[in-house]
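Here is a short briefing to read alongside the fold. Have the sequence and the model open, and follow the topics one by one.

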Amino acid sequence: MNITTAKAANTITLEVEGVVDNGNYKQLEEALNRELQGNVSMLVIDFGKAEYISSLGLRTLYNTMGQIKAKNKHMVLKNVSGAVIEMFDIPGFSGIFNII
């Protein structure tokens, strides 16, 4: 997995490439936590180049969403398709997250 970060005004975009699995989900968690420390009002996570996300990756996103809501900030997931959207659909997470 590779994560690229882009900043524009108060928006941070994390582009996730490859596979988020049980062996590397901590890398995603650390990147999200690092960005939440800054002065950001919108976090965008782009899954356009992602191939798969495991249940631990989903849990990481769910926990991050809770942190963001507690700080009155926003999180959007974009370009979620293929095997990635299937993993969101299985536990019903596609209805919980703001997916565009």
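Contact, as used here, means heavy atoms within 4.5 Å. Helices (H or I, at least four residues) and strands (E, at least two) are DSSP runs, numbered from the N terminus. This is a predicted model, in which local features need pLDDT of at least 70 and side-chain atom pairs count only at pLDDT 80 or more, while totals for chains, interfaces and linings use all residues. Residues are numbered from 1 along each chain as its sequence is written, and side-chain values use heavy atoms, with hydrogens and water left out.

- Four strands form an open sheet in the order 1-2-3-4, with mixed pairing; two strands pair if DSSP finds at least two bridges between them.
- Strand 1 (2–8) and strand 4 (74–78) are the edge strands, each with a single partner, so one side of each has no neighbour in the sheet.
- From one strand to the next, the twist averages 20 degrees.

**Strand pairs to look at**

- Strand 1 and strand 2 run antiparallel and are joined by seven bridges.
- Within this pair, Lys7 stands opposite Ile12, and Ile3 stands opposite Val16.
- The two strands make a hairpin with two residues between them, and Ala9 in the turn has a positive phi of about 55 degrees.
- Strand 2 (residues 11–20) and strand 3 (residues 42–53) run parallel, with nine bridges between them.
- Here Thr13 stands opposite Val44, and Glu17 stands opposite Lys49.

**Helices on the sheet**

- Helix 2 (residues 55–70) packs on the sheet and touches strand 2, strand 3 and strand 4.
- The direction of helix 2 makes about 175 degrees with that of strand 3; axes are lines fitted to C-alpha atoms, for helices over the stretch in contact, and angles run from 0 to 180 degrees between N-to-C directions.
- Helix 3 (residues 82–89) also packs on the sheet, touching strand 3 and strand 4, and its direction makes about 110 degrees with that of strand 3.

**Helix 1 against helix 2**

- The axes of helix 1 (residues 25–36) and helix 2 come within 9 Å and cross at roughly 15 degrees.
- The crossing is right-handed, meaning that the near helix is turned clockwise from the far one by less than a right angle.
- From helix 1, Tyr25, Leu28, Glu29, Leu32, Asn33 and Leu36 meet Leu56, Gly57, Arg59, Thr60, Leu61, Thr64, Gln67 and Ile68 of helix 2.
- The residues of this contact divide into seven nonpolar, five polar and two charged; Ala, Val, Leu, Ile, Met, Phe, Trp, Tyr, Cys and Pro count as nonpolar, Asp, Glu, Lys and Arg as charged, and the others, Gly among them, as polar.

**Two buried residues**

- Ser54 lies in the loop between strand 3 and helix 2.
- Ser54 counts as buried because its relative accessibility is 4%; buried means under 20% relative accessible area, exposed over 50%, and partly exposed in between (1.4 Å probe, protein chains only).
- Leaving aside neighbours within four places in sequence, Ser54 is in contact with Val20, Asp21, Asn22 and Met87.
- Phe93 is found in the segment after helix 3 and, at 17% relative accessibility, counts as buried.
- Not counting residues up to four places away in sequence, Phe93 touches Leu58, Tyr62 and Phe88.
- Phe93 and Tyr62 are 31 residues apart in sequence and 8.6 Å apart in space, C-alpha to C-alpha.
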